[in-house]
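Please read this report alongside the sequence and the 3D view shown here.

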Amino acid sequence: MEGETNGTFLPSCGGSEPPYAQELLGSLDLAGRFLFAILTLMTLIANLVFIEEVIYIYRKIPSSKRSILIWINAAAPVIATTSCIGMWIPRSTMFTDFTASVFFAIVIHKFLMMMIKECGGQKLFLKRFENGHFKISTGPCCCCCLCLPGVRITRRSLFWLKLGTFQFALFRPVFMFLSTVLWTNGNYSVSNLSPKGAAIWISCFIAILTIIALWPVGIMFQQVRVLLNCKKIIPKFALYQFILILNHLQTAIINILAMQRIIPCVPPLSSPARGAYITHQILIMEMFLITLISRVVYRRRYDELDPPECITEEAGVKKQTPVLNVTVSEDGLRGL
């Protein structure tokens, strides 16, 4: 900081390359080492809680739902683990962030499939909502377009919803591979957002794919939130939204502040490296809390929904009101 005030630039502040792990660890004071130990312990506890949750899922949950629930519950521990690795080894930030993003892209698709599974599967879902319509005026694409007509719930429309999330799970690793290849050739840098750089174009494509993937999840949630209220779908959706916002939006905001030098450099960390360093530490704490909350929400065993035939029969019985036919003859009246 003294170098900046005197008009000179410290080497660590001038470049955007993060330091090596031994340089970072050697610059830590006692408070910094204590913080590293606490955050590493949080990551370890989050992974142990997840392993215990996996054991519970294999013992108590039907096999048709096991893999989906494991993927969804693994989102927070995986992000915490990649953030912990990025905190200890600053030069691995690009790879750890890519890994967390790719994993969560798969989780988005799995969350959509979980909502369908909780309705009894695709066939029962179509039977429950055979005369219904999807409300497509939801975020993040069309939340302001309230005049949009509903789309009839059919096998084809359900296929398009699943395709919307699947494309993100498919193309996100492709863009990760492309970014890594360009990075090895010196054509990709997160801090280089000029039109001539590859990072700005890849980020724009990923942003478009992300919006397309989030839209089907929002549409499906609006359709099933009343039906699946008994299975606590609203807290589950809230946890999914928290992970999405914290892992993407929060990270993007901190990175922008770091690239604009609003977050100052602290040797041996440059401003971009310090922004990533702060992001990793915050994410570890946030994902630790989400892991504990997810254990409470997903560990409960909820009753299965009644088949559509039973619901129809109960509705028919309720509509039939008992009628009492009383016949009185004239002789009976005279006798009275």
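## Basis

This is a predicted model, in which local features need pLDDT of at least 70 and side-chain atom pairs count only at pLDDT 80 or more, while totals for chains, interfaces and linings use all residues. Residues are numbered from 1 along each chain as its sequence is written, and side-chain values use heavy atoms, with hydrogens and water left out.

## Confidence

The protein chain has a mean pLDDT (the predictor's confidence in each residue, from 0 to 100) of 83, and 82% of its residues reach 70 or more. Confidence is lowest in helix α1 (residues 2-5), with a mean of 42, and highest in helix α6 (residues 75-88), at 95. The pLDDT is below 50 over residues 1-12, a stretch that has 14 contacts (heavy atoms within 4.5 Å) in the model beyond near neighbours in sequence. Where pLDDT is low, the predicted coordinates should not be read in detail.

## Overall make-up

The protein chain contains 14 helices and two strands, taken as DSSP runs (H or I, at least four residues, for helices; E, at least two, for strands) and numbered from the N terminus. Of its 336 residues, 43% count as buried, that is, under 20% relative accessible area with a 1.4 Å probe, protein chains only.

## Helices α5 and α7

The axes of helix α5 (residues 63-73) and helix α7 (residues 93-118) come within 8 Å and cross at roughly 140°. The contact between these helices includes Ile68 and Trp71 of α5, and Phe103 and Met114 of α7.

Conventions. Axes fitted to C-alpha atoms, helices over the stretch in contact; angles between N-to-C directions. Buried < 20%, exposed > 50% of the residue type's maximum accessible area, 1.4 Å probe, protein only.
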